[in-house]
Amino acid sequence: HWYGDHLLHSESRTIYESACGTGLTLFTIIQLLYEQYNITGIEAFGNDYIARDVVTANRYYDWAVEHYPELDLRKGRICRGDSTNLTSFVPTNAFDIVMTGYIDPIDDPLHLGISDGQKHRQWCKSKNETKQALMKEEQEEMNGWFALWASQMISLVKPGGIVIIESISQPRCDVGDWGGVTKEWWAQAIQEYEWDTQLGIDPASLEIIDFDPSSQYEVLLDRYNVKMTKRKSLVLALEPSPSAAEVTGTAETEAEATTGITSQTTEEVGTVDPAALLDYTCPANIGIAINDRDGFFEWYDHDTAQHALKANSSEFEDFLDEKYGAWGITPNE
């Protein structure tokens with residue numbers, strides 16, 4: 001209901017999905033908005049780190065625009081990009097809704113060699129003070145990772161817009177899963193990372209609801225969703241910032257060092273042509289993602305251009321059939 005309630009009262013209908021994958025999550029939301037709220041005319045934007053998924057998402061939305069005329073769907077930019085460094089190429093204060101279906105946690109952030117679930121549980125339950133301290137430090141790293149990702153999303157949403165983060169896991173030592181943050185952390189993060197004073201989030205707007213998946217996977221049962229609203233009256237001018245890998249201890253505040261965003265003055269932003277604002281260029285090279293320290297995405301190391309060249313190959317056609325066949329979707333018609 002967060003999506004529908006907001007867009008019913010919005011003059012424009014732009015949605016940006018951070019880590020959009022193949023585009024199916026946001027498209028499903030767009031279909032539900034039409035069926036339940038009669039909302040049409042949504043313009044979809046997004047990014048993903050995996051090049052092949054970006055190509056698939058672009059082709060899928062091109063297909064959906066043609067095959068679902070009742071949605072009056074528009075496809076905006078869907079780029080290959082790092083979700084922790086979006087402000088380097090995506091305009092800030094630009095979208096009605098910025099959302100993600102999942103924040104991908106850092107696997108083994110301290111390089112302890114305990115990615116395996118059973119080994120990790122043993123460390124979590126250990127009475128050893130050193131292991132307890134390392135598990136606490138690991139969670140602090142995870143908190144910072146979530147803050148970095150969320151800060152980028154907050155920067156992209158326009159004043160009065162909303163940020164939605166879905167399927168958030170609890171901390172790994174609490175529930176297993178792949179790692180996340182507590183529900184209580186979000187209110188603390190608004191203050192600690194200065195999302196209220198530097199990025200315009202209204203602390204009173206924070207809403208948290210339990211995730212209610214149709215799936216019966218036990219690992220999803222402890223997850224939850226978060227919504228935050230950016231104030232209408234407070235607009236901050238933000239400079240495109242370096243990636244977190246380039247942020248050093250010279251940042252003026254702890255929030256800047258964590259978020260990778262440097263705030264300027266608090267002022268009203270002048271009138272900007274929305275169409276011109278959203279006509280941005282996808283980056284040619286995004287570098288290595290922070291959560292790819294150990295080459296987890298090595299299988300996807302080809303850039304978008306290389307995958308685009310294969311877009312009409314039989315190999316890619318087979319891939320699309322495998323991706324969408326289960327839903328009866330045929331994006332290659």
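The protein chain is built with 11 helices and 9 strands, and of its 333 residues, 50% count as buried. If we take the contacts between residues at least 6 apart in sequence, 79% of them join residues at least 24 apart.

Now to confidence. The mean pLDDT of the chain is 78, and 69% of the residues reach 70 or more. Which elements have the lowest and the highest mean pLDDT? The lowest, at 40, is found in helix H10, residues 304-309, while the highest, at 98, is found in strand S1, residues 14-17. Over residues 292-317 the pLDDT is below 50, although this stretch has 41 contacts in the model beyond near neighbours in sequence. Residues 323-333 also have pLDDT below 50, and for that stretch the corresponding count is 23 contacts. Where pLDDT is low, the predicted coordinates should not be read in detail.

Let me finish with Asn143, which has its place in helix H5, residues 129-156. Is Asn143 buried or exposed? Its relative accessibility is 16%, and because buried means under 20%, Asn143 counts as buried. Setting aside the neighbours within four places in sequence, Asn143 is in contact with Val181, Trp185 and Tyr193.

Definitions and conventions. Residues numbered from 1 in each chain as written. Predicted model: local features only at pLDDT ≥ 70, side-chain atom pairs only at ≥ 80, totals over all residues. Heavy atoms only, no water. Helix = DSSP H or I, 4+ residues; strand = E, 2+ residues; numbered from the N terminus. Buried < 20%, exposed > 50% of the residue type's maximum accessible area, 1.4 Å probe, protein only. Contact = heavy atoms within 4.5 Å. pLDDT = per-residue confidence, 0-100.
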